[in-house]
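Keep the viewer open as you read.

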Amino acid sequence: MRAVWLREFGGPEVLEPGDAPDPVPGPGQVLVEVAFANITFVETQVRSGTGPFRPVLPIVPGNGVGGVISAVGPGADPGLAGQRVVTSIGGSGGYAQRVAVDAAAVFGVPDALGLDAAVALLADGRTATGLVHATGVRPGDRVLVEAAAGGVGGLLVQLAKAAGAWVVGAAGGPAKVAHVQGADAVVDYLSADWTSAAGEVDVVFDGVGGAIGTAAFGLLRPGGRMAMYGLAGGSWAEVSEEDAALRGVSLVHSIGSPSDMRGFTESALSEAAAGRLVPVIGQRFPLEKAADAHAAMESRTTIGKTLLVA
């Protein structure tokens, strides 16, 4: 089968298309014919060798895929064959035409939902759903969503609005600001006075980190909640538990157990099938163009979700 290999850390060009052995489903596993593979920003950091995870090379990168089950291993339910599913695969192997995964790890895709949308929701949907749950967003809250034109950020705007909050969407640069959808107000966090424009808030969803996340922390009212879930800016926000305690603010570091995460994924897929949660797929690249996809993400020009088409 065709796959994309990471044999050395470096720029996007180190991602090289090539052949890989066809996986065979073992006991309790299923074989998925991949239609779409998810790309997350952390995967660009893994590729460069600068991220929180540094795998032993060579590997086929990728952690989230969607497709159709074509074969079932011993002990797995034969009825799974032919089903449309999405699944995470343990951190590597996703940039490929086929994957073998535990049958217990797959999620059936509702008939009303496209496979591409389901893949776009696999990581981002469960993250956004879990973050809104963990921060206890409620009617009347003022909520700041950073990176609101991105995959997770766009979903956070929708979920916070559905919970009855008043939402400020923050994005970097005029092009990104123009693509923020559904927020009550939009600010450009590259502007010097962006915090004044955003105003005080009760909840911060910090997907950028660095100076942006640190500045956002300063906007929280007493009793506020801040979830730091991303470091697109290259580092975590400089916010400590001591700082938060002095301000009367709660920091959210975890959104739940593995069983909670499964529930969040199922909720996101169900909400999307009902039309109440809509992922934005901004760009698609052929599998063999994974390097181009990584380059686009690192250039900060992408909108919403980026998918590989296998």
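**Helix packing and a nearby loop**

Helix 2 and helix 8 cross in a right-handed way; a crossing is right-handed if the near helix is turned clockwise from the far one by less than a right angle, left-handed if anticlockwise. Helices here are DSSP runs (H or I, at least four residues), strands likewise (E, at least two), numbered from the N terminus. Contact means heavy atoms within 4.5 Å. The residues of this contact divide into eight nonpolar, six polar and one charged. Nonpolar covers Ala, Val, Leu, Ile, Met, Phe, Trp, Tyr, Cys and Pro; charged covers Asp, Glu, Lys and Arg; the others, Gly among them, count as polar.

The model is predicted: local features need pLDDT of at least 70, side-chain atom pairs count only at pLDDT 80 or more, and totals for chains, interfaces and linings use all residues. Residues are numbered from 1 along each chain as its sequence is written, and side-chain values use heavy atoms, with hydrogens and water left out.

The axes of helix 2 and helix 8 (residues 258–273) come within 8 Å and cross at roughly 115 degrees. Axes are lines fitted to C-alpha atoms, for helices over the stretch in contact, with angles from 0 to 180 degrees between N-to-C directions. The two helices are therefore roughly perpendicular.

Now turn to helix 3. Helix 2 packs against helix 3 at about 45 degrees, with axes 9 Å apart. That makes helix 2 oblique to helix 3. The cut-offs: under 35 degrees is roughly parallel, over 145 roughly antiparallel, 65 to 115 roughly perpendicular, the rest oblique. This crossing is right-handed. Its contact residues divide into nine nonpolar, four polar and one charged.

How many of the twelve residues of helix 3 are buried? Nine are, so helix 3 is largely enclosed by the rest of the structure. Buried means under 20% relative accessible area, exposed over 50%, partly exposed in between (1.4 Å probe, protein chains only). Val 157 is one of the buried residues. The buried residues pack against helix 2 and several strands, including strand 9 (166–171). Just after helix 3, Gly 164 takes a positive phi of about 95 degrees.

Gln 181 contacts Val 157 and Val 280, leaving aside neighbours within four places in sequence. Gln 181 lies between helix 4 (174–178) and strand 10 (185–188). At 53% relative accessibility, Gln 181 counts as exposed.
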